[in-house]
Amino acid sequence: MVVTENIRIALRALRANKMRSILTTLGIIIGVAAVIAVVSIVQGLQFMITKELQGVGATYVMVLPKVEQNQGPGVLARQVKLTWEDGQAIRDRIPGIRLITPLIAAPAQLIKYGERQHTVQYLFGVSQDWPEVNNHEVDVGRFFSRVDMEHRRKVAVIGQEVAEELGLTDPVGKEVYVGSLPVSIIGVMEKRGQALGQNMDDLVFIPFDTAVNLLGRSAGDQIQLRLQAVDAASVDQVKDGITQVLRQRHKIVEGQPNDFDVMLQDEILKSVGSILGMITTVIGAVVGVALLVGGIGIMNIMLVSVTERTREIGIRKAVGAKRQDVLVQFLIEAITLSLVGGGIGLAAGWGIGALVASMLPGDWPPAHVPFWAILLAVGFSAVVGIFFGIYPAGKASRLDPIEALRYE
């Protein structure tokens, strides 16, 4: 009952000085809003990435060449190679692999059809196993077959956005130019939207060997490998086998690090979670400064409030209020002030996150504020109110009632 009455008094004091209260809590509002906005956007990104990786299954494996750094001035980095010959050796020598495809990814390639042209986000050179390995199927027509690969046919499968940009209402059978290479469209991929930072509808797929001929031999020396193991139980064994085969083929002696990375689905998820968690932590640390400023503002205004209400405190003590009663009253006022700022910041942060998410391209999920973030915002606001309100509340509780009644 006493707590409820003190909260009511605190809210009445806030309403009596609306502008001062808003300015006092501005640091809390900005800090909480920034944290919630960042968390809601990061959670959306993590949800989208997790959904995409879960779509390819727990048997999904990626093999990538490591990017070597320069060793010093005048010393060039060693060219790291990963080739389709490596991939074929992996396929032939390691049991437990169901499907494997090479991948050449060439960004910003110009596609032309008649008078129209479009620069696609990526040109992918892959094998016939790409749709099943990556759970990315054809919507119209077909993907290229093993026969297309063996005969190095100049065929292509395009994303739906590419078809729209080139004005192709019935793309199958049409001839387009990829750079200077004429290719026949044999299929259109299903609509996928954004995935792992790529617009999956703005891609062109051509056979791997055709891509090497178009882009040059050097493109075939730094490829990626994507594969599916036969089942989840054999994934670790497949990873160990890949590591052993590639170390032998790349002549890496014992004690030297690998010049490639083998990544499993759960490792990719952990890596993504770690990066996004680091981003949230850094933003949180920066925002902590705003919360500190907000806390100092609360302490300052509560000290002013104690001075303004000195006679009120004297009257309360004169009619029997104890020291702890005054302490609790002013402490609850400080906490209420901080929680109101935190609540406004929570709503503002969610609104900012929702606005940013709606403006981002692709199938970005709506802003999502997890329950732990709400608890964190409310809890931190309460802690700020307690920490910065304890000194003004203590000062108010120690006032001598006789001196307080004499205060003008």
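## Strand E1 and its partners

Strand E1 and strand E12 (residues 260–264) run antiparallel and are joined by five bridges. Strands and helices here are DSSP runs, numbered from the N terminus: a strand is E with at least two residues, a helix is H or I with at least four. Two strands pair if DSSP finds at least two bridges between them. In this pairing, Met 62 stands opposite Met 263 of E12. E1 is also joined to strand E11 (residues 224–229), by four bridges, and these two run antiparallel. There, Val 63 has Leu 225 of E11 opposite.

Why is E1 largely enclosed by the rest of the structure? Six of the six residues of E1 (residues 60–65) are buried, so the strand is largely enclosed. Buried means under 20% relative accessible area, exposed means over 50%, and partly exposed lies in between, with a 1.4 Å probe and protein chains only. In a regular strand, side chains alternate between the two faces of the sheet. In E1 both faces are covered: Tyr 60, Met 62 and Leu 64 are buried on one side, and Val 61, Val 63 and Pro 65 are buried on the other.

## The model and the whole protein

This is a predicted model, in which local features need pLDDT of at least 70 and side-chain atom pairs count only at pLDDT 80 or more, while totals for chains, interfaces and linings use all residues. Residues are numbered from 1 along each chain as its sequence is written, and side-chain values use heavy atoms, leaving out hydrogens and water.

The protein has 13 helices and 12 strands. Of its 408 residues, 46% are buried. A contact means heavy atoms within 4.5 Å. Among contacts with a separation of 6 or more, 77% are between residues 24 or more positions apart.

## The second largest pocket

The second largest pocket holds about 340 Å³ of space. Its lining has 15 residues, and the closest to the centre are Trp 84, Gln 88, Arg 91, Gln 128 and Arg 146. A pocket is an open set of points on a 1 Å grid over the protein atoms alone, where a 1.4 Å probe fits, with protein on both sides within 12 Å along at least five of seven lines; lining residues have an atom within 4 Å of a point. The volume is the space filled by probe spheres set on the points, which are joined across faces, edges and corners.

Helix H3 (84–93), strand E2 (97–113), helix H5 (146–150) and helix H7 (208–215) each supply at least two lining residues. E2 gives the largest share, four residues.

## Helix H7

Which residues of H7 are buried? They are Phe 208, Thr 210, Ala 211 and Val 212. These buried residues pack against H3, E2, strand E3 (116–126), H5, strand E7 (181–189) and strand E10 (203–207). After H7 comes Gly 216, with a positive phi near 105 degrees.

Arg 226 is found in strand E11. With a relative accessible area of 13%, Arg 226 is buried. Not counting residues up to four places away in sequence, Arg 226 touches residues including Tyr 60, Val 61 and Met 62.

Ala 373 lies in helix H12 (residues 371–397). Ala 373 counts as buried, at 3% relative accessibility.
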